[in-house]
Structure formats: C-alpha cells, structure tokens
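Welcome! Take a moment to turn the structure around on your screen before you read on. Then use the points below as a guided tour.

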Amino acid sequence: MPSSHTTPRQTYQNEKVSVLLPLPLAGAYDYRVPPDLSVAVGDFVSVPLGKRDLKGIVWGGGSNEVDDKKLKNINGLLEIPPLSEDLRKLIDWTASYTLNPPGAVLRMSMSVPSALEPPKTRTAYLPEVGAANADSDSRIRMTEARRRVLDVLADGPPQVAAELARSAGVSASVVRSMADVGLLKSVTLEEQIDFDKPDWNHPRPILSPSQAEAATALVDAVERSVDTEGDAGFSVTLLDGVTGSGKTEVYFEAIAATIAAGRQVLVMLPEIALTTQWLKRFTERFGARPLEWHSDLTGAERRLTWRAIVSGEASVVVGARSALFLPFPNLGLTVVDEEHDSSFKQDEGVCYNARDMAVVRAQLGRNPIILSSATPSLETFVNVQSGRYQSLSLPERHGGASLPEIAAIDMRIEPMESQSWLAPALQEAIAQSLAAGEQVMLFLNRRGYAPLTLCRHCGHRLQCPNCTSWLVEHRLQRKLSCHHCGFSMTPPEECPECEKPETLAACGPGVERLAEEVAERFPQAHCEIMASDTMQSPVSAAALVRDMQNREIDILIGTQIMAKGHHFPYLTLVGVVDADLGLAGGDLRAAERTFQLLHQVSGRAGRAERPGRVMLQTYRPEDPVMEALVSGTRDQFLMAEAEERERHGMPPYGRLAALIISGNEYDEVERVARNLARNCPVEDGVTVLGPAPAPLSILRGRHRWRLLLKARRNSNVRAILRQWLTRVRIRGNVRVQIDVDPYSFL
C-alpha cells in the first residue's frame with residue numbers, strides 16, 4: 001500500500017536522467033532512457049559503467065554537463081518496487097550532513113546485491129484435476145504411497161518434491177513418477193521468506209493506568225499521522241520510564257495501531273543480544289515474530305528479508321542501526337529503544353548517529369517516532385526541556401515492584417585482600433542472596449581475563465602489532481586479543497623482549513578473572529559469563545537468558561551487553577566492580593555514559609516481587625555520577641550536566657566535528673595534519689584543536705592524527721568543513737575522515 005504522503009513520481013522516456021550508483025563517486029551519472037523504456041524517479045535500473053553492468057537508482061532528470069552523443073543508454077528496468085521518496089531524501093540529507101558522497105550512503109540501502117537479481121525459483125507440485133478419482137483409470141496404478149502424496153496436497157499449498165516426499169513419507173521418485181503419469185502438475189514458485197504476519201488484534205495484556213494513558217497518546221500520534229496531510233503527522237515522543245516500567249508493552253500499542261493502518265514499523269535495538277527477550281514478548285503480544293535485520297543473518301536470509309521489506313510484505317522489522325536505511329515503501333512508525341545507547345553511532349565509513357537520522361527520516365516521511373529509555377541522552381533531554389520533543393513518563397515499575405536500593409562501597413577504606421576484586425561488603429551480600437535462593441549479577445565492563453600482560457622481569461608489555469593498544473588475555477580461549485583490529489595470538493611461554501620464561505603476569509581484572517574469584521569463594525554456585533565474545537549469536541544469547549530465567553545460573557558475570565533490556569525475576573543483587581571505569585579519559589560524554597550504563601545495570605535488580613539492591617565499588621563516591629545514582633536524582637544530574645555543557649559551548653549547545661587523518665606512512669599523515677591545521681578556518685565562534693596524534697595512534701596498521709573543530713550551535717559546520725578541505729591537497733595513501741557530531745575521541 002503506497003503511503004498517502006508520497007508525491008507523484010516524475011517519469012522519463014527517450015530523455016536524459018541522472019542515476020545514482022552505490023559507489024563513493026562525486027554524484028549521479030547521466031544516462032539516456034531508450035525509446036522503448038519508461039522510468040520514474042526512484043526506479044531500480046541496470047546501467048553500464050565502463051565494462052561493468054551496475055545497478056542504481058533513477059535520481060532525477062539529467063544535467064546539461066555531458067554531450068547527449070556521449071551518453072549511454074540505460075540497460076533495463078529492474079522488477080523491484082521503487083525506492084521511497086522519504087528514503088531518497090534521507091540519503092541526500094545524510095550525505096550532505098556527513099560530507100559523504102550520496103552513493104556511499106545509497107550503498108547502505110542497497111547492501112544486499114543479490115536481492116537485486118531476479119528471485120530464485122523452485123518447481124513445486126499440485127494435484128491435477130481429477131487426480132483423487134484416478135482409481136477408475138486402468139492406465140494409472142494408484143498405490144498407497146501415491147495416495148499419501150495426494151492426501152498431503154489436499155486443500156494445501158503446492159510443495160517442492162523434497163518437502164512433499166518428506167511430508168508423505170515416500171521417496172522423491174514417487175513424486176516424480178506421479179508427475180510423469182499426470183497425477184501431479186508442476187508450478188513455478190518464487191523463493192520467498194517464510195513468516196507469519198503479526199496480528200495487531202491479538203489478545204493483549206492489561207496495562208496499568210499510567211501505561212494505558214501513555215499508550216493512548218502514542219496511538220493518537222499514529223492515527224493523526226494516518227489522517228493528516230502535511231507535516232502535522234510528524235512527532236517525536238520520548239517514552240521516559242524507569243527500568244521495569246513496561247515501556248515495551250506501551251509502544252507495542254503504537255505498533256498495533258500502525259499495523260492496523262496498513263503501514264510498516266521499524267524498531268531499532270542497540271544490541272543483537274537484546275532481541276532475545278524482546279522477540280519473545282513481541283511474539284506473545286502479536287502471535288508472530290517480526291522480521292529481523294542484523295549481522296548474524298545468512299546471505300539468503302538477508303536477501304529474502306530485503307525483498308520482503310521493499311515489497312511491503314514485512315509489516316514489522318526489528319534491527320540494529322543499519323536497518324534505518326532499509327527500503328521501506330510505507331514506513332509509518334519508528335521506535336528507537338534504548339535511544340541513549342552509543343551503539344547507534346557508526347564511527348567508520350559513513351559516520352552517522354542512527355537515532356538522529358531516524359528522527360530525520362520520520363520528519364521527511366511525516367511519521368511519528370518514539371524514543372524509549374530509562375536514561376535519555378542529554379540531547380533528547382534538552383529537546384524535551386525546550387519543547388521540541390514531547391515526553392510521556394512512566395515513573396513506577398509495573399506490577400508493584402519497587403526500585404532497587406543503591407549504595408556505594410568506598411574502596412579507599414575497604415579492607416581488600418591481595419589479588420581480590422570483590423569488596424568484603426559485596427562478598428557478604430552475595431552470600432546472603434545465594435542463601436535466600438536468589439540470583440546475583442556482577443558487572444565489570446571489561447572483557448577477557450586481564451586487560452594487560454607484562455613481564456615481571458623487564459617490564460615489557462604485550463602490545464598489538466597493528467594498533468597502539470595492549471593485548472587482552474582471554475584465558476578461556478587461550479589467546480591474547482586486540483579488541484580494536486581483531487588480531488590474536490597464543491600466549492608466549494617466555495617474554496618476547498628479555499626471553500625470560502614464566503615471567504609474564506596478568507594485570508587487572510576482566511570478567512574471566514572475576515569469574516575465577518567467584519568460583520573460589522562460592523564453589524557451590526553456578527556461574528556464567530555474559531559478554532560479546534562469549535555470546536556471538538542471538539541463539540547463544542537466547543540460551544544463556546533462558547538458563548538465567550530458569551534459575552540454572554546463580555551468579556551472572558558480564559559486561560555492558562547484559563546491562564539493559566533483560567528481565568530476570570529472581571535477580572535481587574547487582575554488584576558493580578570498578579564503577580569508576582568509564583569516568584577516565586576525559587571524554588566529553590564520560591559522566592553521562594557512566595551514569596546511563598550504571599543506572600541501566602542497576603535496573604536489573606528487584607524487577608519482580610523480591611526487592612533489589614545494588615552495590616557500586618568506587619574510589620570516587622563523591623563524584624556527581626555516583627551521588628546521583630545513590631540518591632536517585634537523575635533529572636538533577638542531567639540538568640547539571642547540561643549547564644556544564646552550555647557553559648563550555650559543547651553539544652548539544654555547540655557543534656563538534658572531528659577530522660581523522662590516517663595512512664601507512666607516519667610522515668605523510670603528520671604532513672597532511674599540520675597542513676590542515678595551517679589552513680584551518682579563522683572566523684568568529686570557530687575553534688580548531690590540534691593537530692595531535694590520536695590516542696589510538698595506530699589502528700589496523702594505519703597511523704592516525706586528529707583535529708577537532710568546535711563551533712557555535714548556529715554555525716554552518718558543513719560549509720566550513722567543505723571550504724577548509726578545498727584548501728589542502730591530499731595525495732597518496734592518506735585519507736581524511738570527517739565525523740560530524742563525534743562520539744569517540746580515540
């Protein structure tokens with residue numbers, strides 16, 4: 001069903017058109033539409049480029065820059081629904097905002113080249129007319145096996161030979177022989193993904209009064225966008241609810257209203273691991289699973305899912321940040337769950353924030369968007385305070401559960417044993433919880449066994465050969481790994497520097513080392529680790545979550561992957577080891593991120609009948625982050641953080657853009673960086689910091705320098721950057737990457 005907000009598409013025949021290709025080229029290329037072909041803006045077409053045949057999108061009318069005699073003809077029109085108007089506008093907007101070629105952004109929408117090919121076909125079988133009465137035909141022998149095949153097909157869909165033979169309990173030769181004698185007829189089926197459509201009218205849970213009020217407001221926004229022409233259909237609503245308040249069930253009502261209106265829904269989650277329980281709740285609510293979009297899909301799954309989306313068959317899609325650029329023809333609602341999460345920011349290739357771009361896509365499509373979080377980002381918080389975004393509040397946990405009690409353990413005065421990472425107060429609390437038959441979660445945002453390995457004899461530190469980062473020991477896998485480039489090696493028997501044997505020592509704790517201590521102190525408890533390198537697929541994540549829910553795990557130890565979205569009714573104690581970890585490094589968002597992360601992990605405790613408590617091991621209990629967590633004064637913390645940012649002209653009250661210069665040769669990279677600094681913009685309200693080697697000065701074998709542009713909020717940062725880059729000639733292997741609104745400063 002086409003969106004009521006779509007304007008008629010311009011069509012072309014026997015004239016020039018511009019075709020955008022999914023390549024990092026300067027812009028669209030002109031082609032001629034042959035007389036026997038008619039194309040429209042948004043159509044997928046096949047065009048020649050050099051000796052290659054490429055697929056692209058008709059982007060508009062042609063220019064006058066190329067002589068008509070030099071133009072090549074479009075080869076043909078692909079049998080794929082056109083790219084929607086809102087997505088075409090989003091691609092242009094994103095390219096302009098991030099200073100990337102439009103084709104590089106288009107490539108994210110055309111990320112499955114095989115989906116552009118004609119769909120694969122299969123031969124299936126149906127009974128011929130009169131086959132059921134073939135007993136009377138003396139020329140056909142009706143065996144028991146043949147009768148079972150006909151019974152399977154009776155009043156059912158056509159089936160391919162292998163499926164039909166398996167269902168009837170016969171060999172494939174029986175099916176083929178039935179086709180030969182005229183009992184079965186063959187039909188051609190296009191390959192399609194097998195899925196049930198969610199039922200918006202499926203029986204739903206009873207909502208609390210506050211949930212029902214919020215749900216009504218969200219449904220009203222959806223219905224308003226359906227009934228209203230123009231920009232009035234666009235709205236941004238923050239669904240602001242404490243952990244365990246039932247935000248998901250509330251926005252499910254908006255999803256139901258969108259499906260009922262015949263439109264598509266996109267739900268973005270920051271982590272694949274979060275989909276496990278989310279999918280279970282969605283299936284219970286709508287009687288079917290949505291389609292998924294993430295890196296763990298097979299090539300065939302990606303191809304079929306992409307085609308189901310572009311055809312409009314997929315009514316609900318849940319995915320990671322890349323799902324934003326999928327070719328929905330009729331997108332009616334977007335939900336960004338855990339909207340504050342930094343995983344929505346892409347730092348390589350086209351650098352963009354999927355949350356912010358989702359708001360732009362909703363505005364271009366004139367649709368509502370819901371941002372859901374218990375710890376909203378400062379940008380969203382300020383937008384609510386200024387009235388640009390609406391807000392709905394769920395201040396209480398669902399079902400009468402109470403928020404956990406949070407306490408700080410001052411590690412400066414805690415009597416710690418050597419090589420122990422658990423404070424005595426936390427150890428005692430763990431023992432009490434286990435004795436009561438309750439579950440415990442220990443949080444340490446550091447993967448592996450130890451973050452650093454050094455030689456006790458000469459002090460040599462084991463470093464990645466491709467990056468300026470220490471190798472992390474993963475003792476369970478018997479390897480040392482770089483978490484930036486993926487390099488790994490077997491731990492050496494002797495120091496690579498002084499060649500002394502048995503002198504290498506692990507320094508500091510990771511989750512594996514914490515699990516080792518837990519096993520020694522609580523030998524009767526069943527302990528498991530939950531980290532991105534121990535849960536490499538949704539299947540493994542689902543298995544661990546299921547074991548936790550079934551109370552087969554007593555103590556769960558993990559990183560930030562377990563900090564949000566999970567509901568474990570018998571989990572009553574959360575212990576945070578090294579709670580100050582995220583505050584180091586001078587990152588602009590360090591305090592905000594640390595508060596969000598620790599608030600989210602604290603929210604795992606006491607989500608059912610049993611009350612929960614949280615213990616934060618910290619060397620800085622007086623830090624505003626720790627004080628806000630203990631006192632429960634989230635809004636006051638955010639307001640203080642906002643005032644501090646405003647005082648220094650930092651986002652969201654100012655603008656930042658990073659220039660990352662990288663290359664194989666250090667001298668060339670430094671030369672370009674210093675040349676950029678010499679030619680930096682000089683104007684009121686604009687400051688350039690740097691150049692300087694990046695904190696991660698070598699990454700994947702490439703040397704890296706950085707500059708940071710800081711400007712007023714109303715500055716035209718894109719124009720400033722474009723003009724700046726034209727002043728410097730960049731040659732050879734050196735690359736300059738632009739990151740507008742950077743999140744990472746490494």
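Here is a short briefing that goes from the whole protein to a few of its residues.

Please keep in mind that this is a predicted model. The protein has 19 helices and 34 strands. With a radius of gyration of 29 Å, close to the 27 Å that the globule rule gives for 746 residues, the protein is as compact as a globular protein of that length.

**The whole protein**

- Along the principal axes, the C-alpha atoms fill a box of roughly 95 × 70 × 65 Å.
- Of the 746 residues in the protein, 52% are buried.
- Among contacts with a separation of 6 or more, 76% are between residues 24 or more positions apart.
- The protein has an accessible surface of about 33,300 Å², and carbon and sulfur atoms account for 48% of that surface.

**Charges and salt bridges**

- There are 82 positive and 92 negative side chains in the protein, and the centres of these two sets lie 6 Å apart.
- Side chains of opposite charge can pair when their charged atoms come close.
- The count of salt bridges in this model comes to 34.
- D53, K55 and E117 are joined in a network of salt bridges.
- R634 and D635 form a salt bridge through their side chains, with 2.8 Å from N to O. R634 counts as buried because its relative accessibility is 14%, below the cut-off of 20%. D635, with a relative accessible area of 33%, is partly exposed.

**Salt bridges along helices**

- An α-helix has 3.6 residues a turn, so residues three or four places apart point the same way.
- In helix α17 (residues 634-647), E644 and R647 are three residues apart, which puts about one helical turn between them. Their side chains meet in a salt bridge, at 2.3 Å from N to O.
- How exposed are the two partners, E644 and R647? E644 is partly exposed, with a relative accessible area of 38%, whereas R647 is exposed, at 56%.
- Helix α18 (residues 666-678) holds both E668 and R671, again three residues apart, or about one turn of the helix. These two residues form a salt bridge in which the closest N and O atoms are 3.2 Å apart.
- E668 is partly exposed, with a relative accessible area of 34%, and R671 also counts as partly exposed, at 30% relative accessibility.

**A helix on the inside**

- Why is helix α2 (residues 102-109) described as largely enclosed by the rest of the structure? It is described that way because six of its eight residues are buried.
- The buried residues of α2 are G103, A104, V105, L106, M108 and S109.
- Which elements cover these buried residues of α2? Among them are the strands β2 (16-20), β6 (52-61), β16 (345-346) and β17 (352-353), together with the helices α1 (85-98) and α9 (299-310).

**A buried residue in a strand**

- T237 is found in strand β11 (residues 235-241).
- Is T237 buried or exposed? T237 counts as buried, because its relative accessibility is 5%, and buried means under 20%.
- Leaving aside residues up to four places away in sequence, T237 touches L218, I369, I370, L371, Q390 and L392.

Terms used: Residues numbered from 1 in each chain as written. Predicted model: local features only at pLDDT ≥ 70, side-chain atom pairs only at ≥ 80, totals over all residues. Heavy atoms only, no water. Salt bridge = Lys/Arg side-chain N within 4 Å of Asp/Glu carboxyl O. Buried < 20%, exposed > 50% of the residue type's maximum accessible area, 1.4 Å probe, protein only. Helix = DSSP H or I, 4+ residues; strand = E, 2+ residues; numbered from the N terminus. Rg over C-alpha atoms; globule rule 2.2 N^0.38 Å. Contact = heavy atoms within 4.5 Å. Areas by Shrake-Rupley, 256 points an atom, 1.4 Å probe, with all protein chains shown as cover. Lys, Arg positive; Asp, Glu negative; His and termini not counted. Charge placed at Lys NZ, Arg CZ, Asp CG, Glu CD.
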